[in-house]
Amino acid sequence: MNSFQGVTLSWQLKDGVIELALHREPCNELGSLSLDDLEKFAAALDNLEKNAHALVISSEVKAGFCAGADLRELYNRSQALEKSAALRGVRDFLERIHRVLNRIDGSPLTTIAAVHGVTFGGGFELALVCDLIIADKLARFCFPELRLGLIPGFGGIPRLKRDLGNAVVRDLLLTGRSFNVNKAQQIGLVSQVVAEGEVLRAARATAAQLGKFDRQTAAAAKRFIKPIPHEELQREIDLFCELFSRPAVEAGLKKFAESTDAQPYLP
């Protein structure tokens, strides 16, 4: 189908460009509902790609692109289950979201993340599967998982290593600090910075430009310069699950889930 309206996201195909828009308040937290919708999108890609040359992923939520995993849901589910069952549920969720993100990462289309505001954790990892990141001047990038005793679990570490190298990974992962858009462009994470509110327009203009080139050539170039690090991605899942069983992680998730802050994910 060329269009879809789900609980957490929607998509449409128009003039050779697929636009996937996230719209779950307050900041597109990635939980079970989001994953269900993302799996529908991944399943639809085979047909959508036949008539497209580009994919643009953006957010309709004012707060930002995506705040990452739905940690309150993760905590509540883990508390409702016996420990081994909770860990199996975490691994299943990670395996499923990795399949979706690998499908987008490996798409023959040229993919663009149009980000603004909060682009944290799993949201940052969603942006990293795209070939290009276009950001407005208020965008911020961060892996805050360290505060919970965890590492990013949606493929962020292997993809950052692939794209930018270990120095950037160590800075983001081990300090937990955020990068503003100027720093992100300086290190090569962001390809284009635009004014506030202009990011989707810029992404659409870039997608239109991409339509001038041969699709097969672009896809071949992408396969050459952007291999998917499957082995490291699996190791990331294993390490995340190993860390998740620690008491410190339960304490960190509990603190987050019980927070009354409007945006507890902000560092």
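## Helix α10 and D238

At 34% relative accessibility, D238 counts as partly exposed, in a model that is predicted. This residue, D238, is located in helix α10. Its C-alpha atom and that of H98 are separated by 12 Å, although D238 and H98 stand 140 residues apart along the chain.

## Helix α5 and its surroundings

Helix α5 spans residues 156-163, and its buried residues are G156, I157, P158, R159 and L160. These buried residues pack against four helices: α3 (83-105), α4 (121-128), α6 (166-175) and α10 (230-244). Just after α5, G165 adopts a positive phi of about 100°.

## Packing of α1 against α3

Two packed helices are described by the angle between their axes and the distance between the axes. For helix α1 (residues 32-48) and α3, the axes come within 10 Å and cross at roughly 35°. The crossing of α1 and α3 is left-handed.

On the α1 side, the contact is made by S32, L35, D36, L38, E39, F41, A42, L45 and D46. On the α3 side, F93, R96, I97, V100, R103 and I104 take part. By class, the residues of the contact of α1 with α3 comprise 9 nonpolar, 1 polar and 5 charged.

## Packing of α2 against α11

Helix α2 (residues 71-80) and helix α11 (residues 247-257) have axes that come within 9 Å and cross at roughly 125°.

In α2, the residues L71, R72, L74, Y75 and Q79 meet E250, L253, K254, F256 and A257 of α11. The contact of α2 with α11 has 6 nonpolar, 1 polar and 3 charged residues.

## Backbone geometry in the loops

Most residues other than glycine have a negative phi, and most peptide bonds are trans. Against that background, D15 has a phi near 55°, a positive value in a residue other than glycine. D15 lies in the loop between β2 (9-14) and β3, and it is exposed, with a relative accessible area of 69%.

The loop between β3 (17-22) and α1 contains P26. A cis peptide bond joins E25 and P26, with omega at about 5°. N28 is also found in the loop between β3 and α1. The phi of N28 is near 55°, again positive in a residue other than glycine. Is N28 buried or exposed? At 2% relative accessibility, N28 counts as buried.

## Cysteines

How many disulfides does the model contain? The count comes to 0 disulfides, the criterion being a pair of cysteine sulfur atoms within 2.5 Å. C66 is in no disulfide, and the nearest cysteine sulfur, that of C27, is 6.5 Å away. C66 is buried, with a relative accessible area of 0%.

C130 is likewise in no disulfide; for C130 the nearest cysteine sulfur is that of C66, 12 Å away. With a relative accessible area of 5%, C130 is buried.

Methods: Residues numbered from 1 in each chain as written. Predicted model: local features only at pLDDT ≥ 70, side-chain atom pairs only at ≥ 80, totals over all residues. Heavy atoms only, no water. Axes fitted to C-alpha atoms, helices over the stretch in contact; angles between N-to-C directions. Helix = DSSP H or I, 4+ residues; strand = E, 2+ residues; numbered from the N terminus. Contact = heavy atoms within 4.5 Å. Nonpolar A, V, L, I, M, F, W, Y, C, P; charged D, E, K, R; others polar. Buried < 20%, exposed > 50% of the residue type's maximum accessible area, 1.4 Å probe, protein only. Left-handed = near helix turned anticlockwise from the far one by under 90°.
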